[in-house]
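Reader: I would like to learn how to read a protein model step by step. Could you take me through one, starting with the loops?

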Amino acid sequence: MAQARPRPAAPTPPESLARRGTATTSEHSTRPTAPVPLLAVAHGTRDPEGRAAVAELLDLVRELRPGLTVELGYVDVAEPLLADTLARLSGPVVAVPLLLGAGYHVREDIPAALATAPQVQARVARVLGPDPLLAEVLGERLSAAWPPHGPQPVDNLPGPGSGPDLGPGFGSGSGPDFSSDLSSGSGVGPGADCQAIVLAAAGSTDLGANADTARMAGILSAHTGLPVVPSYLCAGTPTPADAVAALRADGIRNIAVSGYLMSPGHFARKAAASGATATAAPLGAHPSLARLILTRYDQALADPAATHGP
């Protein structure tokens with residue numbers, strides 16, 4: 001009598017392989033690759049509140065893009081320094097400058113640090129400013145500093161013609177009539193009794209960076225419906241204090257200073273001492289700013305021209 005031939009064993013289901021830790025070919029082909037890390041490049045500050053604001057901002061970025069590795073390097077003053085962060089990285093990375101203008105740090109410091117890290121293949125994103133998303137954040141900060149029916153007109157102001165000359169239209173008595181209601185913008189901004197805004201930027205010896213601030217002043221003006229004067233806390237004119245004095249000399253009494261700065265620190269305190277009716281906080285940690293950082297990251301990933309190094 002013939003003996004029954006043994007039946008071949010059934011193939012192991014793919015899910016069983018996965019449970020054993022062995023991936024199938026299809027699983028390898030569909031497994032998502034890790035996103036390219038984002039390296040946030042900040043200016044740096046000795047102020048603990050300033051460093052805390054940067055950390056909080058990057059936490060918002062992580063919340064908006066789960067799974068994205070977000071690193072930090074400072075170009076000056078604070079740790080970790082950019083060169084130290086780059087030293088422990090390798091492979092592709094997107095460096096996003098947390099800077100508001102393309103000045104010395106973008107032209108010199110960031111490329112110099114990348115040159116010391118040949119193991120990193122970096123794409124460098126555009127700086128954050130100018131951009132309409134920044135106007136949203138600045139508008140909210142102004143609204144918080146000057147709520148509806150907030151600060152009242154300041155008494156004992158200097159008379160017309162007694163302030164510094166900011167050029168045509170300022171401090172001359174013949175400039176535009178800023179005292180009229182110009183609140184035609186659709187965005188959030190200071191209360192209705194605010195007559196003008198001074199945008200206080202850090203300033204740069206790079207004229208292009210200062211021109212970026214002037215463009216941002218135009219965007220903020222369109223957002224709030226108020227005249228906005230660009231000013232510079234160092235390496236540029238006018239200073240915020242001079243801009244406020246010139247507006248007052250032209251009869252403008254209710255003036256807000258908008259801190260066009262990434263975080264609290266020395267420059268923010270200097271801006272607050274400009275003599276305006278109210279001073280808004282710096283940009284700080286804000287969801288719109290976090291979205292802008294991710295926009296710059298995505299733009300750099302899509303642009304081969306942003307590649308730096310090997």
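Reader: Where is the place of P238?

Author: P238 sits in the loop between β6 (228–232) and α8 (240–249), where helices (H or I, at least four residues) and strands (E, at least two) are DSSP runs, numbered from the N terminus. Before we go on, note that this is a predicted model, in which local features need pLDDT of at least 70, side-chain atom pairs count only at pLDDT 80 or more, and totals for chains, interfaces and linings use all residues. Residues are numbered from 1 along each chain as its sequence is written, and side-chain values use heavy atoms, with hydrogens and water left out.

Reader: What is the peptide bond from T237 to P238, and what is its omega?

Author: The bond from T237 to P238 is cis, with omega near 0°. The peptide bond from G129 to P130 is cis too, with omega near -10°, and P130 is found in the loop between β4 (120–124) and α6 (132–145).

Reader: Is α8 largely enclosed or open, and why?

Author: Seven of the ten residues of α8 are buried, so this helix is largely enclosed by the rest of the structure. The buried ones are P240, A243, V244, A246, L247, R248 and A249, and they pack against β5 (196–201), β6 and β7 (255–260), a contact being heavy atoms within 4.5 Å. After α8 comes G251, whose phi is positive, near 90°.

Reader: What does T224 show about reading a side chain?

Author: T224 lies in helix α7 (residues 207–224), and it counts as buried because its relative accessibility is 6%. Its side chain reaches the backbone nitrogen of L226 at 3.3 Å.

Reader: How much space lies in the largest pocket?

Author: Rolling a probe the size of a water molecule over the atoms shows where empty space is left. Here the largest pocket holds about 890 Å³ of space. On a 1 Å grid over the protein atoms alone, a pocket is an open set of points where a 1.4 Å probe fits, with protein on both sides within 12 Å along at least five of seven lines, and its lining residues have an atom within 4 Å of a point.

Reader: Which residues lie nearest the centre of the largest pocket?

Author: H43, L99, A202, L261 and F267 lie nearest its centre, out of 36 lining residues. The elements that give two or more residues to this lining are α3 (48–64), α5 (104–115), α7 and α9 (266–272), and α9 gives the most, with four residues.

Reader: How many helices and strands does the chain have?

Author: The chain comes to ten helices and nine strands, and buried residues make up 44% of its 310 residues.

Technical notes: Buried means under 20% relative accessible area, exposed over 50%, partly exposed in between (1.4 Å probe, protein chains only). A polar contact is a pair of N or O atoms within 3.5 Å; within protein, one must be able to donate a hydrogen and the other to accept it, and residues adjacent in sequence count only if both atoms are side-chain atoms. Grid points are joined across faces, edges and corners, and a volume is the space filled by probe spheres set on the points.
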